[in-house]
Amino acid sequence: MDKLIASVNLSGEIQMVIGVILGILLLSSLLFWTWGLFRSSIGLSELKTRTKSWWGMATLFLLAALISPIITYIGIGFLSFAALREFYSVIQLRKSDRAGMLWCYLAIPIQYYLAYMGWYELFIIFIPVFMFIWIPFVLVLSGETKMIMTSMAGLPTSIMLCVFGLSHMAYLISLPSIPGFDPGGKGLLLFLIFITQMNDVMQFIWGKLFGKHKILPKISPNKTWEGFLGGVLSSMIIGYFMKFLTPLEDGEVILISFLIAGVGFIGDVVISAIKRDMGVKDMGESIPGHGGVLDRIDSLSMTTPIFFHLVYFFAY
Amino acid sequence: MRTLFLYITFKVLWRFFFSVIIGVRFIGSRKFNGHIQFIVASNHNSHADAVTLMTAIPNNKLSKTRPVAAADYFGRNKFISFVSWLFLNLVLIPRKRAKDNKEDDPIQIMNNVLKKGNSLILFPEGSRGESGKIQPFKKGIGFLMEKNREVPVIPVYMEGIGRVLPKGNKIILPSLTKIYVGDAVYFKKESPAEITKIIEQKVLALKEKSAKYKQNFN
């Protein structure tokens, strides 16, 4: 047991953030519980389910991210897999696309193994270059050309969204350590997920409190300018105070937080538009109160590569 | 020994495969519990159907539950029929009723299995259909129930399993699948044709329930 704890070896900064995360969860659970004593409404019960799910997700994530790097790679790889499976269960593909879909699933272990090896050059081109060539060819081999254009577009997009983007989280762990920067890849991963998810929550809260002017009423009727701007501002402030998890300067960390908030919004509405097209409200039902895996990580699938490449540019 | 073997095959290996990799979720699988003997009647979309259902059968009934399959496919040679018995606990029946040959009568074979105290997993559609469409049920299940009125029928609707392994395709792919288990039905005086009709309606009702479940999310 002692050995296991010693091998976990968390820096002081990371321990503090874990404390903050658990504190936020505890506070919101307590808040909704006391609120429920005075008045009960349907909206509140949904908030409670969501908070409960947040507890589960936070626990799973912290365990996967902090115990051992191997578990982190496998965990994030499984996240990609679950997202891709949800995506294919919702979008309508042809029977002749099944070979192509199989190759897309096979891309997951390859991509994550490349992240694990730390072979950056291949990691970064494997999906956008090799799979981009290979998938349409596999579709052509099936011999069925009716509607092949949709599949040729849909399958590469599916792995870009669910595998390529998210796999950058795994590569954060593989980045070489910087002298004098203790939290390392774990810290960066924690920063990314914390800011992305806090941004979602903050946009939700600001929107509920002050939301009036809709941004994209046809796609996401709950998104308002007030919510979006409030979320961006909150993310920048939170990002500034979480700077100790990154090797960045003040200005850089504020810029990155700003971009995470903006790009998170893009990821959110892109997935929303796909859901509208397919006539479903959620991508799945695996997370009570939130919908499917893809509903929770819609923003993350786009913030991850943006965050990774900015950090890579600034600090490496 | 046999129970332990089937337990490991279905409850550990297949269950891990279907719930974690394929993404199968049972709704109401507790309804399999508490019966001495039962017949599961389900819609049929893929070769994975019987195995998936076996993963939800209560542990103590595992060795006494036998999916019914076509002899011309799963019994085409001795090896395949042995493997399908060993790993799947299958009962093989001929697709066509041979009226002159009593030993080969599919209803007689199933009846014998039931009389020994076993439970059955049946696909009354006869053959695998397109995902989302239910073909008219064959009357065989009605004739079988007429002779075994003490055994309840548990209707099941599987939604989305046709995308896991469709007919005429060899690639198994993960796909989120939901399996709705209905309440057990007992038959007293109904004729075979009526029994078949009632079971078909029960399965269709579960299908409707699944459609409603989806709409609620919209």
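At 1.5 Å a residue, the 27 residues of α8(A) should span 39 Å, and the end C-alpha atoms of this helix, 38 Å apart, agree with that. The model is a predicted one. Helix α8(A) is mostly covered, since 19 of its 27 residues are buried.

Chain A is divided into domain 1, made of 11-34 + 41-67 + 183-316, and domain 2, made of 68-174. Between the C-alpha centres of domain 1 and domain 2 of chain A the distance is 24 Å. Where the two domains touch, domain 1 of chain A contributes 22 residues and domain 2 of chain A contributes 21 residues. On the domain 1 side of this contact, at least two residues each come from α3 (42-66), α8 (184-210), α11 (293-296) and α12 (300-315) of chain A. Helix α12(A) gives the most to that side, with six residues. By class, the residues on the domain 1 side are 16 nonpolar, five polar and one charged.

A helix pair in chain A comes next. Two packed helices are described by the angle between their axes and the distance between the axes. For helix α4 (residues 69-90) and helix α7 (residues 148-174) of chain A, the axes come within 9 Å and cross at roughly 170 degrees. An angle over 145 degrees counts as roughly antiparallel, and α4(A) and α7(A) are therefore roughly antiparallel to each other. From α4(A), the residues in this contact are A:P69, A:T72, A:Y73, A:I76, A:L79, A:S80, A:A83, A:L84, A:F87 and A:Y88; they meet A:S158, A:C162, A:V163, A:L166, A:S167, A:M169, A:A170 and A:I173 of α7(A). The contact of α4(A) with α7(A) is made up of 14 nonpolar and four polar residues, with no charged residues.

A:M147 lies in the loop between α6 (120-141) and α7 of chain A. Its phi is positive, about 65 degrees, although A:M147 is not a glycine. A:M147 counts as partly exposed because it has 13 C-beta neighbours inside 10 Å, whereas a residue needs 20 or more to be buried.

Two loop residues of chain B remain. B:N89 is found in the loop between α4 (78-88) and β4 (91-93) of chain B. The phi of B:N89 is near 60 degrees, a positive value in a residue other than glycine. B:N89 is buried, because 23 other C-beta atoms lie within 10 Å.

B:Q37 sits in the loop between β1 (24-27) and β2 (39-42) of chain B. With 17 other C-beta atoms within 10 Å, B:Q37 is partly exposed. Setting aside neighbours within four places in sequence, B:Q37 is in contact with B:G117, B:S119 and B:V151. B:Q37 and B:P152 are 115 residues apart in sequence, yet their C-alpha atoms are 7.4 Å apart in space.

Methods
Residues are numbered from 1 along each chain as its sequence is written. Chains are lettered from A and ligands numbered from 1 in the order in which they are written. This is a predicted model: local features need pLDDT of at least 70, side-chain atom pairs count only at pLDDT 80 or more; totals for chains, interfaces and linings use all residues. Axes are lines fitted to C-alpha atoms, for helices over the stretch in contact, and angles run from 0 to 180 degrees between N-to-C directions. Helices (H or I, at least four residues) and strands (E, at least two) are DSSP runs, numbered from the N terminus. Angles under 35 degrees count as roughly parallel, over 145 as roughly antiparallel, 65 to 115 as roughly perpendicular and the rest as oblique. Two residues are in contact if their C-beta atoms, placed from the backbone, lie within 7 Å. Ala, Val, Leu, Ile, Met, Phe, Trp, Tyr, Cys and Pro count as nonpolar, Asp, Glu, Lys and Arg as charged, and the others, Gly among them, as polar. Domain bounds come from an automatic or database domain assignment. A residue is buried if 20 or more other C-beta atoms lie within 10 Å of its own, exposed if 12 or fewer, and partly exposed in between; C-beta atoms are placed from the backbone. The expected span of a helix is 1.5 Å times one less than its number of residues.
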